[in-house]
Amino acid sequence: LNIYNDNGTGLLVDTKTNGLNTDFTMTGGGSGTVDTTNGTALFLDPLTMNLTFGTVTSTNASGSGVLVDGGDAVGGGGNSALTIGTLNISGSSDSGVQIIDSSGDFSFGATTINNTGTSGGGLEFTAATGDTTNIAFTGGLDIDTSTGTGITGGRTGSGTVNFSVAATGTRSINTTTGQGMVLSNVNVGAAGITFANATASGTATGNFIDLDTIGGSGTLRVNNTSALGVSGTGISIFSSSADFIFNQISLGDINAAGPMTYGLNLDGNSGSFTTTASSIIYYAQAAGIRIANAASTFSADFQAQIEASNRNDASYTAGGDGLVLTSNNSSSTINMARFVFTEFQRASGPGGQGIVSNFGGQVTIGGGSVSSNNAMGDGVASIDIRNTATNITLDSVAIDTDDPGESGGGIYLQNNTG
């Protein structure tokens, strides 16, 4: 099946219009091409399907480039619903690809979604109660947006979503001010979810990477994560059992304080989190790194230096903390090759604490430094560690809180082992 058209939709199956709710089944397609200009290439809503196309292209669609709503595989979940060898979408006003409340296997080869000229996002998917949706990108997934979210997906009710992006081809999420990846109640497929980079060149709206209740047997990996600014949290992972690797992280702007709440916030997780390269977080309003409510099986491994920095901007007044560990299971483990907290003196505003740990778990820091030079407040220590099993080595500690109007500072240790 080959379709070439300008204006309108390439292939349209609409069984909802006028409330007719027709039963419709479509199979085949072979190695055919759907090439649509000024329209949606595939609009399938709903139908029973087993479709295959060699190449699908949509340019300047007023909605999505490909939309599947209620598209169920012939034979149900676990069977092929839609396979596309090469997918190219540009200029769609809505998400480039939408898969809504559908069941079956959706497989895409080399995929490019470029919505830098619109407000459209990249990939969007949901699964409803009773749906088992398997979405796999086997040849690369390259997403570019302006304000739209790169990837957003999840489930409602008791639906199941398995999502994977194989480590081949171009794998990137680039945006100006959109969110990078927002996933909720999603399983990482056995092939993993692997991206070379996720970047925001401006201030991303909301949490840049927002992962909630992520499970599955695969690993979610982003080699390079960077955002010049974030209005929420840079990387937020909540209540998840999956394994995560963010090799290198750079969040915030060294030259200007921004609105970022946390650089990295790991809360209530039971899997693992790993970095492998030197990383830095600038001007987090609450804390650069927060790890809280970790389960006994949780482990964090920062294999290279990670720095939380409040420096170079004398007008910065938030005084965010460096490392905050709280209410973690005593068997959870947090290992840091080097931790650095740097805070220069400012004209006003409180200083952030370098390390705050209360029931932090089993904490090892192999080196680094804490440097603070602002008012902490009465009874507030620059390093405050309580009820924690520690093995901490810092190469240097510099605490200066003796200028007029300043108070607090120092080191407080209570009820620790190690």
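Is Val-397 buried, partly exposed or exposed, and what is its relative accessibility? In this predicted model, Val-397 counts as partly exposed because its relative accessibility is 39%. The residue lies in strand S35, which spans residues 396-399, and together with Ile-411 and Leu-413 it forms a nonpolar patch on the surface, the accessible area of the three residues coming to about 290 Å².

In soluble globular proteins, nonpolar side chains tend to be buried together. The largest nonpolar core of the model has 88 residues, and those with the most contacts inside this core are Ile-151, Phe-163 and Phe-246. Strand S18, covering residues 181-204, gives the most to this core, contributing nine residues. The surroundings of Phe-246 include Ile-209, Leu-211, Leu-220, Val-222, Ile-235, Ile-237 and Phe-273, and among the residues that Phe-246 touches there are also Thr-225, Thr-274, Thr-275 and Thr-276, when residues up to four places away in sequence are not counted.

Thr-40 lies between strand S4 (33-37) and strand S5 (42-45), and it counts as buried because its relative accessibility is 11%, a value below the cut-off of 20%. With residues up to four places away in sequence left aside, Thr-40 touches several others, including Gly-8, Thr-9, Gly-10, Ser-58 and Val-66. Ser-64 is also touched by Thr-40, and the side chain of Thr-40 reaches the backbone oxygen of Ser-64 at 2.6 Å. By contrast, Ser-330 is 290 residues from Thr-40 along the chain, and the C-alpha atoms of the two are separated by 53 Å.

The structure holds three salt bridges. In one of them, Arg-290 pairs with Asp-267, the closest N and O atoms being 3.1 Å apart. This pair links distant parts of the chain, as Arg-290 belongs to strand S26 (residues 287-292) and Asp-267 to strand S23 (residues 262-267), 23 residues apart; both Arg-290 and Asp-267 are buried.

Another salt bridge joins the side chains of Asp-395 and Arg-338, at 2.7 Å from N to O. Asp-395 lies in the loop between strand S34 (389-392) and S35, whereas Arg-338 lies in strand S29 (residues 333-343), so the pair ties together parts that are 57 residues apart in sequence. Asp-395 counts as exposed, at 52% relative accessibility, while Arg-338 counts as partly exposed, at 32%.

Asp-384 and Arg-386 also meet through their side chains in a salt bridge, at 2.8 Å from N to O. Here Asp-384 is buried, with a relative accessible area of 10%, and Arg-386 is partly exposed, with a relative accessible area of 27%.

How values were computed. Residues numbered from 1 in each chain as written. Predicted model: local features only at pLDDT ≥ 70, side-chain atom pairs only at ≥ 80, totals over all residues. Heavy atoms only, no water. Patch = residues over 30% accessible without salt bridge, like charges linked within 9 Å, V, L, I, M, F, W, Y side chains within 5 Å. Areas by Shrake-Rupley, 256 points an atom, 1.4 Å probe, with all protein chains shown as cover. Salt bridge = Lys/Arg side-chain N within 4 Å of Asp/Glu carboxyl O. Helix = DSSP H or I, 4+ residues; strand = E, 2+ residues; numbered from the N terminus. Buried < 20%, exposed > 50% of the residue type's maximum accessible area, 1.4 Å probe, protein only. Core = buried A, V, L, I, M, F, W, Y, C linked by side-chain atoms within 4.5 Å. Contact = heavy atoms within 4.5 Å. Polar contact = N/O pair within 3.5 Å; in protein donor to acceptor, adjacent residues only side chain to side chain.
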